[in-house]
Amino acid sequence: MRTFHAASASFLAPPAPHLHLPPVAPALRGGLSAKVPVPAAVASRSRSCFPPSRRASRRRRCSRAASSGAAATVTSADDAKKDVLIALSQIIDPDFGTDIVSCGFVKDLEISDALDKVSFRLELTTPACPIKDEFEQKANEVVAALPWVKKVEVTMSAQTAQPVYGGELPEGLQKISNIIAVSSCKGGVGKSTVAVNLAYTLAGMGARVGIFDADVFGPSLPTMVSPENRLLVMNPESRAILPTEYLGVKMVSFGFAGQGRAIMRGPMVSGVINQLLTTTDWGELDYLVIDMPPGTGDIHLTLCQVAPLTAAVIVTTPQKLAFIDVAKGVRMFSKLKVPCVAVVENMCYFDADGKRYYPFGQGSGTQARNKTYQLFRSILLLDGCWIAFEMRSLFQVVQQFGIPHLFDLPIRPTLSASGDTGIPEVVADPQGDVAKTFQNLGVCVVQQCAKIRQQVSTAVSYDRSIRAIRVKVPDSDEEFLLHPATVRRNDRSAQSVDEWTGEQKIQYSDVPDDIEPEEIRPMGNYAVSITWPDGFSQIAPYDQLEMLERLVDAPRAATPAVASS
């Protein structure tokens, strides 16, 4: 008979065998977890080499050095390069709050033999950087201001597509930098219109873009664009799907598969979506825009598990009914650790006779807006999901959250017609008011994705030398260890726990003490998939792993003992 402790949070934390640690490893508390310091280089993926206070003082010193006047001549190329870098360090990236030298943007700095000409390359994080022209202009100005410089040559470039998880992703997704979900959780609010126009806006900003139509039951992409090749083909050698292309944007839709609209059950749909997304040869993309289907079901979970979504854009209309469904979508993305970076409110108003009319009211009405505010506030504070939404005063949102990312789209006949003619509105009228709104949305998405990619995600790995699962939590210089048997015994899936009664199916003795995982890989942004020797594939959310660590850390006497054979 074995005795283990039950936790009030419905997670069981039975005592597990002591971890086999080398002498240099720290002692484990309760034989289950331990705090282990992590080198600073691993703990942070920030571009900057200095903490904020030191960066600020460094910038002030550089600024004073540059303004005090450099020597009219320099004696060596090394001195010349130092002068150039000091001058360039005056330019601050507004998104990262760090100078472009510390950000690592300055590449291939060369000084001529005569020490009078300077050439260098500014490598930005994305070709769609909204202030790349300002960077180029300012770089020319500050370097040309050096007294010994006669000529400046600045070349602009962007980093190659670098996904967060790299080789851990399916082959088709390994060269995609950012994956953006456009979701509404309700049909008929203009989600596909926003997705297509956002994609072509990002392409117009210089990015390499693709669109994935994830609605198998009612694909919209074949109607909204007009590619010459309207059928997907497969590479006979690699067996990869080749996307079709229209005006420089790659696209895949079930509607291009020659099958029309699908009539199939849920599991089959998830399989089709998985195949279309992961086996497509997307090539190098800066942004892949996914037009999500309505709802919060199997397809959405499949997409969030297969692909690490960088961010989500929520589309809604002013009516209260639409906001109710949007709230469910925000909750879903929050649970799956996908930041919502903007809200697009479609069909807000129309202009006639020199006046602006709001046929559905401004927002969702005062009562609905207040309720939505309370709901979104709780989501923001509890789960950290980035969201901006319209209130009676936008200033109040700025004061409360500092993220005023709400974009209003009008009722416009041309916007509706563009979805039927196959030419996106931002392509048909690139200087119109609608295109300007999408331009602002595109800038928001680019900036927020750049910030999100600097954040450190939870890292989970198995250390065979000490037979422990290592978990590195973001925004922390420490990591904790969990015994593999503890993680396996605390699986909360339907195979381990009866979903109706909550009865534990898997017993303590069913899992051997010396069990070791065969593979651990990320599942989207919110969990890892752990494959065990018995063939069982366990999905372990990061929140559950952190809760296990807190439970085994707590005093044993605080929980009642439960017997299990």
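Student: Does methionine 234 count as buried, partly exposed or exposed, and what is the relative accessibility behind that?

Tutor: Buried means under 20% relative accessible area, exposed over 50%, and partly exposed in between, with a 1.4 Å probe and protein chains only. At 36% relative accessibility, methionine 234 therefore counts as partly exposed. Before we go on, note that this is a predicted model, in which local features need pLDDT of at least 70 and side-chain atom pairs count only at pLDDT 80 or more, while totals for chains, interfaces and linings use all residues. Residues are numbered from 1 along each chain as its sequence is written, and side-chain values use heavy atoms, with hydrogens and water left out.

Student: Which strand holds methionine 234, and which residues is methionine 234 in contact with, leaving aside neighbours within four places in sequence?

Tutor: Helices (H or I, at least four residues) and strands (E, at least two) are DSSP runs, numbered from the N terminus, and methionine 234 belongs to strand E10, residues 233-234. Contact means heavy atoms within 4.5 Å; leaving aside neighbours within four places in sequence, methionine 234 is in contact with Arg239, Ala240 and Ile241.

Student: How many helices and strands does the protein chain have, and what percentage of the residues is buried?

Tutor: The protein chain has 16 helices and 26 strands, and buried residues make up 49% of its 565 residues.

Student: In what order do the strands E5, E6 and E7 lie in their sheet?

Tutor: Two strands pair if DSSP finds at least two bridges between them. Here three strands form an open sheet in the order E5-E6-E7, with mixed pairing. Strand E5 (106-111) and strand E7 (151-158) stand at the edges with a single partner strand each, so one side of each is left without a neighbour in the sheet. Strand E6, residues 117-124, pairs with E7 in the parallel sense over eight bridges, and the bridge partner of leucine 124 in E7 is alanine 158.

Student: Why is strand E13 largely enclosed by the rest of the structure, and how do E9 and E12 pair with E13?

Tutor: Strand E13, residues 249-253, is largely enclosed because four of its five residues are buried. Strand E9, residues 209-213, pairs with E13 in the parallel sense over four bridges, and phenylalanine 212 stands opposite valine 252 in E13. Strand E12, residues 244-246, pairs with E13 in the antiparallel sense over three bridges, where glutamate 245 has lysine 250 as its bridge partner. The hairpin of E12 and E13 has two residues between the strands, and leucine 247 takes a positive phi near 55° in this hairpin.

Student: At what angle do helices H5 and H14 pack?

Tutor: Axes are lines fitted to C-alpha atoms, for helices over the stretch in contact, and angles run from 0 to 180 degrees between N-to-C directions. Helix H5 (residues 191-204) and helix H14 (residues 433-453) pack at an angle of about 75°, with their axes 9 Å apart. That makes H5 roughly perpendicular to H14, since angles under 35 degrees count as roughly parallel, over 145 as roughly antiparallel, 65 to 115 as roughly perpendicular and the rest as oblique. Among the residues that meet there are Asn197 and Leu198 in H5, and Phe438 and Leu441 in H14.

Student: What is the nearest side chain of opposite charge to glutamate 425, and how far away is that side chain?

Tutor: Lys and Arg count as positive and Asp and Glu as negative, while His and the chain ends are not counted. A salt bridge is a side-chain nitrogen of Lys or Arg within 4 Å of a carboxyl oxygen of Asp or Glu. Glutamate 425, found in helix H13 (residues 425-428), is buried yet has no salt bridge, and the nearest side chain of opposite charge, arginine 412, is 5.7 Å away.
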